[in-house]
Amino acid sequence: MENSERVALKVRDAAKFFGTRLIFKKVSCDVIRGEILLVVGRNGAGKTTLLKIMSGLSRPSAGSAQILTEPEKTAYLGHATFIYPRLSGLANLSFWASMYGLSPSREELLVLLKRVGLERAAEEEAGAYSRGMAQRLNLARVFLVNPDLLFLDEPGTGLDQASLNLLREEVVSLRNNGTAVVWISHDVNHDTALADRVLGLSGHKMAFLGSAADFDPDFVLGGDHA
């Protein structure tokens, strides 16, 4: 385990039960600023459950998960977009900013929308956005926070190729600028190449934790990966 100021998250012997059903146990890791940790496992292995524990959205049945960044510098991006459909893209972004206690100017918000390719749709109702456009708007919300710790729960699900490429490029950019990223991917083969380390869940436990270069998907996933 790392013991430096670069640690953004510590997980120690985390376990989760739903009633008497064991999801996983004895999961321990440090998540480091400036790295992508890819979380992999078969369907039902507990990936999303682990991510929720790591992010503080759920409590472990045993063990602990400790976030070492400021709460306002933590962000979560999943496949659900949580946009307000009757508000424009610009108004959605302005509202989210106010929830974080931020007050960016219109020009600053437009810069963020331009970064995700939505400047021309800034005044359109977000409910008319395509799936890819809605997820790009969610990505702009992440940029508002400039997070030290970012959780990604299959954010690329259902995206068109252009939006998926943008998402991947920006996640890598965030990592390169010092953000710690914990990422559940729907495309393990492709996204392992972008990761620094991999945490694999299998058999109700952590079956792998190590360099992405050393990770063999068949060891954890068998044939269950794209």
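Which residues in helix H3 (residues 106-115) are buried? The first view takes that up; everything shown comes from a predicted model.

**View 1. Helix H3 has a buried face and exposed residues on its other side.** Leu109, Leu112 and Leu113 are the buried ones in H3. Look down the axis of H3 and its buried residues fall within an arc of 100°, so they line one face of the helix. What do these residues pack against? Their partners are H2 and helix H4 (131-145). Over on the other side of H3 sit Glu107, Val111 and Lys114, which are exposed. Just after the helix, Gly117 takes a positive phi of about 75°.

**View 2. Leu93 and Leu137 sit in the largest nonpolar core.** This core has 43 residues, and Leu93 and Leu137 touch the most other members. At least two residues of the core come from each of these elements: strand S3 (36-41), S5, H2, H3, H4, strand S6 (149-153), helix H5 (161-176) and strand S7 (180-184). Which element gives the largest share? That would be H4, with 7 residues. Zoom in on Leu137 and, leaving out residues up to four places away in sequence, you'll find it touching Ile83, Gly89, Asn92, Trp96, Leu113, Leu118, Ala126 and Tyr129. There's also a second, separate core of 23 residues; Val11, Ala14, Met54 and Ala180 are among its members.

**View 3. Gly132 is a buried glycine in helix H4.** How is Gly132 placed, buried or exposed? Its relative accessible area is 3%, so Gly132 counts as buried. Setting aside neighbours within four places in sequence, Gly132 is in contact with Leu159, Asp160 and Ser163. For Gly132 and Leu159, the C-alpha atoms are separated by 5.0 Å, while the two residues are 27 apart along the chain.

**View 4. Tyr84 and Phe95 make an edge-to-face pair.** A search of the whole structure turns up 3 aromatic pairs. In the one formed by Tyr84 and Phe95, the ring centres are 5.1 Å apart and the planes make an angle of 80°. This pair links distant parts of the chain: Tyr84 belongs to the loop between strand S5 (74-78) and helix H2 (89-99), Phe95 belongs to helix H2, and 11 residues separate them. How accessible are the two rings' residues? Tyr84 is partly exposed at 40% relative accessible area, and Phe95 also counts as partly exposed, at 32%.

**View 5. Phe208 and Phe215 form a tilted pair.** Here the centre-to-centre distance is 5.2 Å, with 55° between the planes. Phe208 is buried, with a relative accessible area of 17%, and Phe215 is buried too, at 8%.

**View 6. Two arginines lie over aromatic rings.** Where does the charged end of Arg115 sit? You'll see it over the ring of Phe143, 3.6 Å from the ring's centre. Arg141, for its part, lies over the face of Trp96, at 5.4 Å from the ring centre.

**View 7. Strands S1 and S2 form a hairpin.** Strand S1 (residues 7-18) pairs with strand S2 (residues 21-32) in the antiparallel sense, and the pairing runs over 8 bridges. Leu9 stands opposite Val31 in S2. At the turn, the hairpin has 2 residues between the strands, and Gly19 takes a positive phi near 70° there.

**View 8. Phe82 and Glu154 have positive phi without being glycines.** Phe82 has a phi of about 55° and is found in the loop between S5 and H2. Is Phe82 buried or exposed? With 66% relative accessibility, Phe82 counts as exposed. Glu154 has a phi near 45°, and its place is the loop between S6 and H5. At 23% relative accessibility, Glu154 counts as partly exposed.

Key: Residues are numbered from 1 along each chain as its sequence is written. This is a predicted model: local features need pLDDT of at least 70, side-chain atom pairs count only at pLDDT 80 or more; totals for chains, interfaces and linings use all residues. Side-chain values use heavy atoms; hydrogens and water are left out. Rings of Phe, Tyr and Trp (its six-membered ring) pair if their centres lie within 6.5 Å; planes under 30 degrees apart count as stacked, over 60 as edge-to-face and the rest as tilted. Helices (H or I, at least four residues) and strands (E, at least two) are DSSP runs, numbered from the N terminus. Buried means under 20% relative accessible area, exposed over 50%, partly exposed in between (1.4 Å probe, protein chains only). A charge sits over a ring if NZ of Lys or CZ of Arg is within 6 Å of the ring centre and within 35 degrees of the ring normal. Two strands pair if DSSP finds at least two bridges between them. The arc is that of the directions from the helix axis to the C-beta atoms. Contact means heavy atoms within 4.5 Å. A nonpolar core is a set of buried Ala, Val, Leu, Ile, Met, Phe, Trp, Tyr and Cys residues joined through side-chain atoms within 4.5 Å.
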